[in-house]
Amino acid sequence: MQRYLLPQAFHIRYANIHEEHEALLELLNEMKSGGMHEEPGSIRSATDRFLDSLATHFANEERLMAEARYPRYEEHRSHHQECLALASTILGGDADGAQYPGKATLDRIFDLLVNTVARVDLYFEEYLIGCGRLPDRPKAV
Ligand SMILES: [Fe+2]
């Protein structure tokens with residue numbers, strides 16, 4: 001099974017943002033492999049756990065942005081809200097409790113996460129570099 005992975009260039013090097021992204025991908029990978037067989041009905045709980053983890057991650061990022069006085073906070077937060085609603089629609093429409101979300105559904109969620117990192121998270125990292133809170137990214141040789 002091909003696992004969902006973020007490319008190195010998408011690693012956000014601030015607080016535990018990257019670790020939370022990895023944890024979200026791990027939940028997708030577990031659903032993809034059908035590896036969450038704790039109990040009957042665990043499929044619904046797997047998708048709920050993903051959505052809960054996504055909401056928690058977004059809340060954590062928003063706290064970090066507020067602490068850093070990030071000027072694009074509202075834009076980023078609005079993107080989070082759209083992303084969460086879309087993820088809920090995508091997963092809710094597929095996971096009826098009878099089976100794990102299919103590959104096409106999980107691919108859409110993965111694309112959503114990649115899109116979020118590309119569209120908003122990397123700009124937050126650039127801001128942190130710009131105000132000296134993070135060192136610049138190492139140059140490729
Ligand atoms: Fe994020």
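Predicted model: local features only at pLDDT ≥ 70, side-chain atom pairs only at ≥ 80, totals over all residues.
On the side of α1 the contact is formed by I17, H21, L24, L28, M31 and K32, and on the side of α4 by K103, L106, I109, F110, L113, V117 and D121. Sorted by class, the residues joining α1 to α4 are nine nonpolar, one polar and three charged.

Helix α1 itself extends over residues 17–33, and its end C-alpha atoms are separated by 25 Å, in agreement with the 24 Å that its 17 residues should span at 1.5 Å a residue. Within this helix, H21, L24, L27, L28, M31 and K32 are buried. These residues lie on the same side of α1, because the arc they cover around the axis is only 145 degrees. The exposed residues E19 and S33 are carried by the face of α1 that is turned away from its buried side. After α1 comes G34, for which phi is positive, near 70 degrees.

In the chain as a whole, four helices and zero strands are found, and the order of elements from the N terminus is α-α-α-α. The chain has 141 residues, of which 21% count as buried. Of the contacts in the chain between residues at least 6 apart in sequence, 70% connect residues at least 24 apart.

Conventions: Residues numbered from 1 in each chain as written. Helix = DSSP H or I, 4+ residues; strand = E, 2+ residues; numbered from the N terminus. Expected span 1.5 Å × (residues − 1). Buried ≥ 20, exposed ≤ 12 C-beta atoms within 10 Å, placed from the backbone. Arc of directions from axis to C-beta. Contact = placed C-beta atoms within 7 Å. Nonpolar A, V, L, I, M, F, W, Y, C, P; charged D, E, K, R; others polar.
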